[in-house]
Amino acid sequence: MSNVSRTRKPYYYLGGAGGILLFLPLVMNDHLLTVAITGLMWAYLCLSWNLVFGFAGQFSLGHALFWGIGAYTSTVLFVNYGLTPWVGIFVGGFLSAIAAWLISLVVLRYRVKGVYFALMTLAFAEVFTGLALNWDYIRGPVGILLPMKNSPGNLFFIARAPYYYFILGLLCLGLGVTYGIQKSKLGYYLKAVREDEEAAEVSGVPSSRYKILAMIISAFLTALGGTFYAQFFLYISPEIMFGFGSQMTMMIGTMVGGAGTLLGPVLGSLVFSFLGELLRSLPLAHSREIVTVERMIWALVLVVVIFYLPGGLVTLGDRVKSRKGRPGTS
Amino acid sequence: MPEKKLKSWTMIAALCGLLGGSFSFSASEALGAANEVLVAGVLPLTGTNASWGIRNDRGIRYVVDWVNAHGGIKSLKGAKFKYVSADTETKADVAGSQTEKIVSENVSCVFGCNQSPGTLVASQVTERKGVPLITVSDYDPLITQRGFKYIFRTVPVMDKISTSVLVFAQAMNKSQNTKFTKVGILCEDSIVGDSAAKALEKHTKEIGYTVVDVVKYNAATTRDFTGVLSRYKAQGVELIVGHNRPADSIQIVRNLKEIVFNSAMIGGIGGGWVAPEFLRNLGPLSEGVIIASSETPDVKVGKFAELKKEYEEKYKEEMPSTFIGGISGAWLLYRAIEQCASTDPKVIAKTLHSIEIKYGDGFYFQQFGCKFDEKGDNTLASAVIFQVQNNLRVSVFPAEFANHKPIWPKPVFK
């Protein structure tokens with residue numbers, strides 16, 4: 001795990017970046033804006049997963065479950081009962097939090113840790129996938145379509161910009177929560193549990209209570225992202241929402257950027273979102289071979305980052321500095 | 001500004017320039033010259049559906065090249081097609097962002113996406129921008145149920161294509177004086193798999209046959225069907241029907257052979273059953289399998305025979321239905337542009353709503369021609385049944401399109 005203190009950068013950089021982000025929709029076309037929205041959404045989800053993995057050291061493979069619960073709750077409440085997704089988003093968040101609490105109780109009751117914890121969370125996600133696929137009330141594998149219309153009261157927009165600002169707001173919320181945790185007693189306790197759970201307990205840290213709390217907060221935030229996905233793409237299905245693909249994206253973004261840091265997951269996720277798009281945009285005649293080469297470049301970059309920057313992209317600056325500081329270098 | 005900071009900012013600016021340059025270069029590349037008509041395929045070139053997307057892409061390219069080599073679009077003074085394809089990676093969100101990119105480059109028409117969730121997302125983008133999206137292989141009913149004006153589907157909806165295998169079985173029972181009526185449904189748990197299972201169950205009951213069971217399996221994790229097929233065998237199932245992915249359709253037939261389950265009919269609906277991999281992997285094991293599709297592999301109409309020969313020589317595989325879908329869709333677009341003499345997507349969409357293409361016209365080989373209703377569904381679309389005979393797919397039903405007599409019931413496994 002990388003050291004949180006490494007992210008202690010001057011905050012006017014953050015302010016500057018925030019300012020640029022606010023004005024981006026004015027200069028971007030719809031395609032780039034869509035890429036930016038998707039990138040920010042994954043950055044937000046990586047931040048949410050980072051709370052459990054990066055801070056609490058719990059390798060959850062079941063976060064697609066919370067993402068799916070959020071999306072399905074707000075969508076079903078809107079489609080079947082007319083409840084605005086502005087409210088549904090929080091209902092989904094609370095339901096996900098309850099699910100996380102129940103899962104954590106089971107996991108802690110049987111003292112499941114490490115790889116077994118990962119497999120158990122994956123198993124819970126699989127159970128829900130099976131349920132969603134066979135539950136006609138939520139239209140099984142067919143999925144649910146949302147209407148394409150401009151209705152801000154129901155969180156539907158024809159333009160891309162409102163979605164951009166919404167997900168930017170969610171990302172700020174995720175950053176705020178992460179920063180708050182990082183600087184609070186909870187953050188220090190979680191780090192203690194992550195580094196050595198037994199030592200932390202001996203020191204009086206109730207590890208179970210804080211691990212559950214981290215899981216609940218993370219699940220709540222992840223679910224908000226699920227509702228955003230449904231409102232933006234206007235179509236959800238068990239394959240999309242509960243599939244392992246979203247979990248993979250959360251993991252890759254977080255680990256590549258720097259788990260356990262404030263900005264690492266955001267950085268990793270954005271870099272890989274834009275890298276993927278950049279590779280897809282290369283002026284090459286498309287054929288199967290070229291497409292495969294693009295994917296290989298993407299994978300190669302991933303391997304290089306993992307090998308040479310084990311602390312994540314967020315440690316790149318420190319690594320460059322340390323190389324410069326070596327004798328014989330200018 | 002200190003030198004170190006200056007260097008950092010220069011590097012950041014250079015990186016931004018590189019990123020922006022690449023995006024803009026790609027866009028200007030795609031815009032092409034004034035006498036070009038830009039069309040795009042947003043297709044799964046990687047991922048689980050790549051097998052279909054790549055062949056679809058080949059079909060579109062074939063017609064584009066053919067038109068360009070034969071003087072271009074005559075009503076536009078010989079303007080040439082320019083075709084670009086974008087990979088969806090078989091992901092709905094990537095299909096959305098790729099479509100956004102394509103439509104921002106003044107494209108006249110989009111083909112997509114060989115994956116129903118991708119098409120559902122991509123069609124929202126094309127609808128907002130007023131660009132027609134032609135789908136030549138997505139059967140999901142939801143696609144055309146949203147009141148969109150710019151979506152066009154050339155293939156029949158899943159209900160129609162699914163029930164055709166039972167219509168065939170019913171006709172065979174009548175003509176051959178057999179009584180095979182116990183149906184076992186086995187479908188993947190995807191959108192189209194679910195639609196197929198529901199349609200099959202409903203139609204089985206409507207014609208008075210018995211539904212022994214409906215099994216929807218997890219397509220991501222199921223690799224063996226011995227359990228469910230053994231149960232079907234014990235329950236006396238006579239007609240096995242389903243919509244499945246390529247690997248699953250192959251495995252189902254292998255498992256049937258392993259447990260020596262000789263049902264009267266194995267009826268596959270589109271999907272993996274029409275993929276070239278099916279015949280290539282199974283060889284003689286696939287003898288007698290019945291397959292429903294909207295494309296026939298052995299019609300004797302127009303340019304079909306020479307096209308088939310050309311494809312098989314070039315790609316060393318049987319010409320697949322997804323290729324036929326690609327060429328049919330591209331030919332439909334070509335005819336529409338010839339008719340309206342415009343590259344304006346809205347004018348093209350209007351023409352698509354009114355145009356009628358006969359089966360066998362040029363490169364249009366999807367049964368039985370094309371005429372769209374107000375929702376964008378093809379009112380002439382229908383299914384044809386073919387059967388594997390001597391390691392070839394041959395059309396056997398309905399009678400007016402049959403080139404061979406059906407073998408009924410299916411021969412036992414050797």
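Tutor: Two residues are in contact if their C-beta atoms, placed from the backbone, lie within 7 Å. This is a predicted model, where local features need pLDDT of at least 70, side-chain atom pairs count only at pLDDT 80 or more, and totals for chains, interfaces and linings use all residues. Residues are numbered from 1 along each chain as its sequence is written, with chains lettered from A and ligands numbered from 1 in the order in which they are written.

Student: Among the contacts in chain A with a separation of 6 or more, what percentage comes from residues 24 or more positions apart?

Tutor: Take the contacts in chain A whose partners have a separation of 6 or more. The share that belongs to residues 24 or more positions apart is 77%.

Student: What is the radius of gyration of chain A?

Tutor: Chain A has 14 helices and two strands, which are DSSP runs numbered from the N terminus (H or I, at least four residues, for helices; E, at least two, for strands). For 330 residues the globule rule gives 20 Å, and chain A is close to that, so it is as compact as a globular protein of that length. The radius is taken over C-alpha atoms, and the rule is 2.2 Å times the number of residues to the power 0.38. The radius of gyration of chain A is 20 Å.

Student: Are α2(A) and α6(A) roughly parallel or oblique to each other?

Tutor: Helix α2 (residues 30-55) and helix α6 (residues 161-183) of chain A pack with axes 9 Å apart, at an angle of about 20°. Axes are lines fitted to C-alpha atoms, for helices over the stretch in contact, and angles run from 0 to 180 degrees between N-to-C directions. Angles under 35 degrees count as roughly parallel, over 145 as roughly antiparallel, 65 to 115 as roughly perpendicular and the rest as oblique. That makes α2(A) and α6(A) roughly parallel.

Student: And how do α3(A) and α9(A) lie to each other?

Tutor: Helix α3 (residues 63-81) and helix α9 (residues 207-233) of chain A have axes that come within 7 Å and cross at roughly 50°. Residues making the contact include W67(A) of α3(A) and Y229(A) of α9(A). The two helices are therefore oblique.

Student: Which element gives the most to the side of chain B that touches chain A?

Tutor: Here 36 residues of chain B are in contact with 33 residues of chain A. Elements giving two or more residues to that side of chain B include α1 (3-31), β2 (80-87) and α3 (92-103). With seven residues, the element that gives the most is α3(B).
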